[in-house]
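Please go through the charged side chains of this model with me.

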Amino acid sequence: MNPSPMLSATEITSDRLRLRKAHDTDRDGLIELQTDPQVRQYLGGPRPRSAVEQYLDAIGTTSITSNPGTFVIADKTTDRLFGTLILDRRSADLPGHVTEEGGELELTYLLRREAWGAGLAFEAATAALRAAAGELPDQPVLVVTQTANERSLKLAARLGFQHMSTFEAHDAEQTLAATNLHSFPT
C-alpha cells in the first residue's frame, strides 16, 4: 500500500501563534509537557523527568518535530513554546477508525498549563487543519481522547468534530470524533 500523503508545511502561522519545528531552546518546555501531572492527566500520567531528559539527549530536541505534520506551538511574538501539535496518520493497528482500512489523519495536541483557557489549542488546530486542507485531498480527520477529558471533547466539538463512537483502550473509555478535512477552508 502506498503511504498516504502528509502535511508538508514546516511552519504555519496564525494571529497569535507560529507552528514550527523544534529548537534546542524548547527543551525545558518539552520536558514540562511530559512531566506535568495535570497536562498528562488523560495520557497515562506524568513521565519521569530523568526518562524524558535521557530521551531528548538520545534523539536531540530538534528531532522531536522531524516527522511531517509535527510542530511546536509557539508564541508568534516571543517564540516561547506553548505546546505541541501533531497531524499524523492513525495506525490501522489501533482501535478507533471511521474507514475500514484505517490510516486516517489524526489530530493531537498538548499545551502547557499556562496556555490553557486562552483559545490557543483551537487557534493552533484550526491553522494546522486549514494548511492541510490547502494541500491534501479531502478526507476524514480524527480526534481520540479519553471520554473523561471534557475539555478536549469540548474543543473537538468547537472545531466541528462529531462524536462517532467510544471504545476501551489504556484502561479507560476513549471517544472517537471525526470531521472532514475540507471543513477548514483555506
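**Charged side chains and their partners**

Glu 32 has a relative accessibility of 27% and counts as partly exposed. The model is a predicted one.

Q: Which side chain meets Glu 32 in a salt bridge?
A: Glu 32 lies in helix H1, and its partner is in the loop between strand E5 (105-111) and helix H3 (120-135), 80 residues apart. The N to O distance of the pair is 2.7 Å. The partner of Glu 32 is Arg 112.

Q: Is Arg 112 buried or exposed?
A: Buried means under 20% relative accessible area. Arg 112 has a relative accessible area of 7%, so it is buried.

Q: How many residues apart are Arg 113 and Asp 36?
A: The side chains of Arg 113 and Asp 36 form a salt bridge, at 2.8 Å from N to O. Arg 113 is in the loop between E5 and H3, whereas Asp 36 is in the loop between H1 and H2.

Q: What is the relative accessible area of Asp 36?
A: Arg 113, its salt-bridge partner, is partly exposed at 39%. Asp 36 is buried, and its relative accessible area is 7%.

Q: Which residues are joined with Arg 20 into one network?
A: The side chains of Arg 20 and Asp 79 meet in a salt bridge of 2.8 Å, N to O. This pair links strand E2 (residues 17-20), which holds Arg 20, to the loop between strand E3 (70-75) and strand E4 (81-89), which holds Asp 79. Salt bridges with shared partners join Arg 20 to Asp 26 and Asp 79.

Q: Is Arg 20 buried or exposed?
A: Asp 79, across the salt bridge, is partly exposed at 27% relative accessibility. Arg 20 has a relative accessible area of 3%, and the cut-off for buried is under 20%, so Arg 20 is buried.

Q: How many salt bridges does the structure hold?
A: Among them are Asp 79 with Arg 20, Arg 112 with Glu 32 and Arg 113 with Asp 36. The count for the structure is ten.

Q: Over the ring of which residue does the charged end of Arg 158 sit?
A: The charged end of Arg 158 is 3.8 Å from the centre of the ring. Lys 21 lies over another face, that of Phe 71, at 5.1 Å from the ring centre. For Arg 158, the ring is that of Phe 122.

Definitions and conventions: Residues are numbered from 1 along each chain as its sequence is written. This is a predicted model: local features need pLDDT of at least 70, side-chain atom pairs count only at pLDDT 80 or more; totals for chains, interfaces and linings use all residues. Side-chain values use heavy atoms; hydrogens and water are left out. A charge sits over a ring if NZ of Lys or CZ of Arg is within 6 Å of the ring centre and within 35 degrees of the ring normal. A salt bridge is a side-chain nitrogen of Lys or Arg within 4 Å of a carboxyl oxygen of Asp or Glu. Helices (H or I, at least four residues) and strands (E, at least two) are DSSP runs, numbered from the N terminus. Buried means under 20% relative accessible area, exposed over 50%, partly exposed in between (1.4 Å probe, protein chains only).
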